[in-house]
2 protein chains.
Amino acid sequence: MQRYFISPEDIQGQQVRISGDDVKHITRVMRFEPGDLIICAAGNEVSYRVQLTDFAADAVFGEIVETLQEQSEPEVKITLVQGLPKSDKMDLIVQKGTEAGVSDFVPVETIRTIVNYDAKKEHKRRDRWQRIAKEAAEQAHRLIIPEIAEVTTLKEWLLQKSDSYDLVLLAYEGQPLSDRERQLDGESGLGDKPQILACDSLRAVLNGFPQARSIALLIGPEGGFDPQEVLLATQQGARPVTLGPRILRTETAGLVAAAIILYHYGQMGG
Amino acid sequence: MQRYFISPEDIQGQQVRISGDDVKHITRVMRFEPGDLIICAAGNEVSYRVQLTDFAADAVFGEIVETLQEQSEPEVKITLVQGLPKSDKMDLIVQKGTEAGVSDFVPVETIRTIVNYDAKKEHKRRDRWQRIAKEAAEQAHRLIIPEIAEVTTLKEWLLQKSDSYDLVLLAYEGQPLSDRERQLDGESGLGDKPQILACDSLRAVLNGFPQARSIALLIGPEGGFDPQEVLLATQQGARPVTLGPRILRTETAGLVAAAIILYHYGQMGG
């Protein structure tokens with residue numbers, strides 16, 4: 001059944017008012033008529049089956065016929081703190097993360113972020129991400145629209161926000177160098193290999209936080225996090241974790257980690 | 001360190017020969033010179049550190065300085081049997097699935113597949129997918145290049161191949177209708193709701209197969225599987241599983257399920 005997000009203030013008693021772009025979708029794309037049923041999610045984890053009643057030029061009205069007992073929102077809220085990637089990869093990250101169950105996104109500039117920040121385009125860019133999140137949330141049967149925070153720096157986020165989570169995870173590729181690698185490191189150009197840091201497995205860390213209900217997940221941009229950032233994050237309590245021996249691209253890592261975390265806590269259907 | 005796939009026959013004793021498109025990458029993109037180190041994966045789960053020695057017009061030669069003990073291939077082999085999706089989504093599926101650790105891909109035509117099959121372009125399309133798999137495998141530090149099978153029909157695959165796996169999973173969106181939904185179903189247009197099928201959680205099924213080492217994962221195209229296909233698949237021993245209450249797009253479902261399966265079996269870094 002077709003789904004639309006509305007605001008709680010669009011509900012008066014049993015009456016629902018739908019406005020904005022969704023009006024065109026209801027009338028022209030779906031060609032709904034009075035009597036047809038849709039699902040409206042109020043964005044606060046509550047959803048209703050709504051029977052359409054009246055059509056005006058700029059709004060469609062309906063009546064709630066049932067409050068649904070949908071439980072598609074995970075009990076564990078994941079905030080994806082994503083190092084800004086190149087080109088339009090953030091679009092994919094927002095869309096796929098929303099499908100998987102990410103609760104909100106914080107795009108951050110990091111030391112190795114290559115994107116040119118353009119304050120003028122900032123508003124437009126965030127609007128686009130928010131629109132992608134809305135469409136993905138409708139399609140995925142989410143009961144909230146994940147919020148896209150304003151772009152900030154990783155440092156600022158770590159200093160100001162990181163302590164409000166039960167658990168902060170930092171995905172890190174570091175793996176121990178072999179003895180031969182250490183030897184060759186002296187001989188040739190291995191100097192750009194990232195500094196090695198002891199990483200726990202994701203499972204080991206999650207097992208230590210069985211009651212976590214809010215988790216921030218830090219994913220670096222294409223070049224990864226700078227060792228300074230890893231140091232600051234760990235000083236702020238973040239736990240570096242490995243996602244295994246296969247190196248995931250920045251636009252894949254958050255989605256994969258979020259899905260695994262939700263599975264770990266029984267939030268992917270059991 | 002830059003990685004290249006070679007064939008086992010390109011290794012003679014300690015000498016390695018690299019040919020094809022990688023020559024241009026080594027000489028023009030990376031601008032490597034004799035003495036530089038690369039990693040060569042022979043495609044059979046073995047990899048080497050190689051020091052480049054000689055450069056010819058159509059080949060680059062090197063010497064093995066170390067056989068690496070990399071273990072990036074999962075012990076659980078996942079075959080992603082993917083209902084052909086629209087437009088270029090299969091490119092994304094191959095790329096992301098390769099990163100996550102899928103071992104091979106079988107694109108299948110299903111009842112609800114909308115793609116126009118064009119035998120003339122088939123060869124070209126498969127070449128492109130195979131090239132995407134190779135690039136993703138190099139980037140992800142895989143030790144094999146996942147193979148893309150020729151396009152077949154789901155029915156044919158089920159009848160001919162499904163019994164060669166320890167476990168065949170079919171991702172299915174079916175969830176029980178509420179009482180009110182059943183009531184409304186009689187009253188109005190709920191008739192197109194897919195037939196409901198008892199689905200187990202992915203975890204429940206995986207827990208029943210602790211020793212599974214080869215798993216086929218069936219993912220429907222945009223419109224999902226037709227009930228006939230679900231019936232045939234279950235008759236052939238496939239286990240329908242839900243990936244939870246959030247509906248994943250076809251290009252997301254395989255990646256998410258593969259990552260979760262590998263995590264379940266301890267193949268994502270622990």
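This briefing describes how chain A and chain B meet in the structure above. The model is predicted. The contact draws on 52 residues from chain A and 52 residues from chain B. The area buried between the two chains is about 4,300 Å².

**Symmetry**
- Chain A is superposed on chain B by a rotation of 180° with 0.0 Å of shift along the axis, at an RMSD of 0.0 Å.
- The two copies are therefore related as by a two-fold rotation axis.
- A:I260 is the residue of chain A that comes closest to the rotation axis, with its C-alpha at 2.8 Å.
- The copies meet through the same surface, because 100% of the interface residues of chain A are also interface residues in chain B.

**Buried area**
- Carbon and sulfur atoms give 56% of the area buried between chain A and chain B.
- A:R246, A:R249 and A:Y263 supply 20% of the area that chain A buries against chain B, more than any other three residues.

**Salt bridges and polar contacts**
- Four salt bridges are counted between chain A and chain B.
- A salt bridge joins the side chains of A:R249 and B:E99, at 3.2 Å from N to O.
- Between chain A and chain B, 25 residue pairs are in polar contact, with both residues at pLDDT 80 or more.

**Makeup of the chain A side**
- Several elements of chain A each supply at least two residues of the side that touches chain B, including strand 6 (59-68), helix 2 (89-100) and helix 3 (119-139).
- Helix 8 of chain A gives the largest share of this side, nine residues.
- The residues of this side divide into 22 nonpolar, 17 polar and 13 charged.

Technical notes: Residues are numbered from 1 along each chain as its sequence is written. Chains are lettered from A and ligands numbered from 1 in the order in which they are written. This is a predicted model: local features need pLDDT of at least 70, side-chain atom pairs count only at pLDDT 80 or more; totals for chains, interfaces and linings use all residues. Side-chain values use heavy atoms; hydrogens and water are left out. Contact means heavy atoms within 4.5 Å. Buried area is the accessible area (1.4 Å probe) that two parts lose on being put together, summed over both. A polar contact is a pair of N or O atoms within 3.5 Å; within protein, one must be able to donate a hydrogen and the other to accept it, and residues adjacent in sequence count only if both atoms are side-chain atoms. Helices (H or I, at least four residues) and strands (E, at least two) are DSSP runs, numbered from the N terminus. Ala, Val, Leu, Ile, Met, Phe, Trp, Tyr, Cys and Pro count as nonpolar, Asp, Glu, Lys and Arg as charged, and the others, Gly among them, as polar. Copies are superposed by least squares on the C-alpha atoms of residues with pLDDT of at least 70 in both.
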